[in-house]
Amino acid sequence: MKKPLFTGSAVAIVTPFTDSGVDYQTLADLIEFQIQGGTDAIVVCGTTGEASTMPDDEHIAVIRFAVEKINKRVPAIAGTGSNDTRHAIELSQAAEAVGADGILSVTPYYNKATQKGLYEHFKVIADSIKIPVILYNVPSRTNLNLNPETIGALAKINNIVAVKECNLAQVGDVVNLCDETFAIYSGDDNTILPVLSLGGKGVISTMANIIPQDTHAMVMKFFQGDIQGAVRLQLQTLNLIKALFSEVNPIPIKAAVNLLGYKAGICRMPLTELSDEHLALLRSEMKAYGLL
């Protein structure tokens, strides 16, 4: 029987960069901040971690470092997606070799595969490794939707255990097409409660980079039956979420992590620094939330 890699809140952690590479000391500090804050899993080298700008040697080095630093205290999940199936297999096998507990694999971008192509893509990736696979459906970034029927077919593969779903409109269909052992995680911070209400197991979160305790508590309150408490937390986070997505992720969240006092650096090009207008908004919302 399949078992969820985690229930609760997983942070899609930022990758701190300097001009010369990765700031591993800050990454270690951020991992400790997350674990002390109650985060239930850590996703490294995802979208928020800017994996698309990382050459393979750096990508694998960051996964290895995170796995060793996390040291089995929570699941370490590696982003290993690619629009080149062979490349995705190589990254996934490398992540398994350095000890990742599972992988997060995004739908191929730019190529615009058919649903049959998507099924075959994920099947051969899953067949190439033994660790669990979380599918990642984010149409706003890939211009491609992983349809519920395709997710249902993929869910029958033993080590495909979950989906990070950013298309709220189809969550109910995915639930109906998959058995209860297949986990659905919200891929958007503003839809955590809606996804949980339909049977989701948690969230893979951007905002958890700065509010790990509240993101974890929101999910736990829901599962403990404190629905109103969970709703209050979701509503409380909405203005902060708007500021964190005032520009393309991860531009604002990196600025937010810097405002907390960590040296996350700036995003790699083609992403740029947060505008003065949106930085002022972010600072204001973080103050209103009690973070500054």
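This briefing covers salt bridges, aromatic pairs, a charged surface patch and backbone exceptions in a predicted model. Local features need pLDDT of at least 70 and side-chain atom pairs count only at pLDDT 80 or more, while totals for chains, interfaces and linings use all residues. Residues are numbered from 1 along each chain as its sequence is written, and side-chain values use heavy atoms, with hydrogens and water left out. A search of the whole structure finds 7 salt bridges and 4 aromatic pairs.

**Terms**

- Helices (H or I, at least four residues) and strands (E, at least two) are DSSP runs, numbered from the N terminus.
- Residues are called buried under 20% relative accessible area, exposed over 50% and partly exposed in between (1.4 Å probe, protein chains only).

**Salt bridges**

- A salt bridge here is a side-chain nitrogen of Lys or Arg within 4 Å of a carboxyl oxygen of Asp or Glu.
- Lys69 and Glu32 form a salt bridge, with 3.7 Å between the closest N and O atoms. Lys69 lies in helix α2 and Glu32 in helix α1, so this pair ties together parts that are 37 residues apart in sequence.
- Lys69 is partly exposed at 30% relative accessibility, and Glu32 is partly exposed at 23%.
- Asp127 and Lys123 meet through their side chains in a salt bridge of 2.8 Å, N to O. Both residues lie in helix α4 (residues 115-127), 4 residues apart, about one turn of the helix. Lys123 is partly exposed, with a relative accessible area of 28%.
- Lys221 pairs with Asp226 in a salt bridge whose closest N and O atoms are 3.5 Å apart. Lys221 is partly exposed at 29% relative accessible area, and Asp226 is partly exposed at 29%.

**Aromatic pairs and a contact between leucines**

- Rings of Phe, Tyr and Trp (its six-membered ring) pair if their centres lie within 6.5 Å; planes under 30 degrees apart count as stacked, over 60 as edge-to-face and the rest as tilted.
- The structure holds 4 aromatic pairs; one of them is the tilted pair of Phe33 and Tyr262, 5.5 Å centre to centre with 45 degrees between the planes. Phe33 lies in helix α1 (residues 24-36) and Tyr262 in the loop between α11 and α12, so the pair ties together parts that are 229 residues apart in sequence. Tyr262 is partly exposed at 23% relative accessibility.
- Phe222 and Phe223 form an edge-to-face pair, 5.6 Å centre to centre with 85 degrees between the planes. Phe222 is buried at 17% relative accessibility, whereas Phe223 is partly exposed at 38%.
- Leu260 is placed in the loop between α11 and α12 and is partly exposed at 27% relative accessibility. Leu260 and Leu291 are 31 residues apart in sequence and 7.5 Å apart in space, C-alpha to C-alpha.

**Surface charge**

- Asp56, Asp57, Asp84 and Glu90 gather in a patch of negative charge on the surface. Patches are made of residues with over 30% relative accessible area and no salt bridge: like charges are joined within 9 Å, nonpolar side chains (Val, Leu, Ile, Met, Phe, Trp, Tyr) within 5 Å.
- Lys and Arg count as positive and Asp and Glu as negative, with His and the chain ends not counted. The place of a charge is taken as NZ of Lys, CZ of Arg, CG of Asp or CD of Glu. Accessible areas come from the Shrake-Rupley method with a 1.4 Å probe, and for residues only the protein chains shown count as cover.
- Asp57 is found in helix α2 (residues 56-70) and is exposed, with a relative accessible area of 59%.

**Backbone exceptions**

- Most residues other than glycine have a negative phi, and most peptide bonds are trans.
- Glu50 is not a glycine but has a positive phi of about 60 degrees. Glu50 lies in the loop between β4 (41-44) and α2 and is buried at 3% relative accessibility.
- Asn71, also not a glycine, has a positive phi of about 55 degrees. Asn71 sits in the loop between α2 and β5 (76-79) and is exposed at 54% relative accessibility.
- The peptide bond from Asn249 to Pro250 is cis, with omega near 15 degrees; Pro250 is in the loop between α10 (227-244) and α11 (251-259).
- The Met269 to Pro270 peptide bond is cis, with omega near 20 degrees; Pro270 is in the loop between α11 and α12 (276-289).
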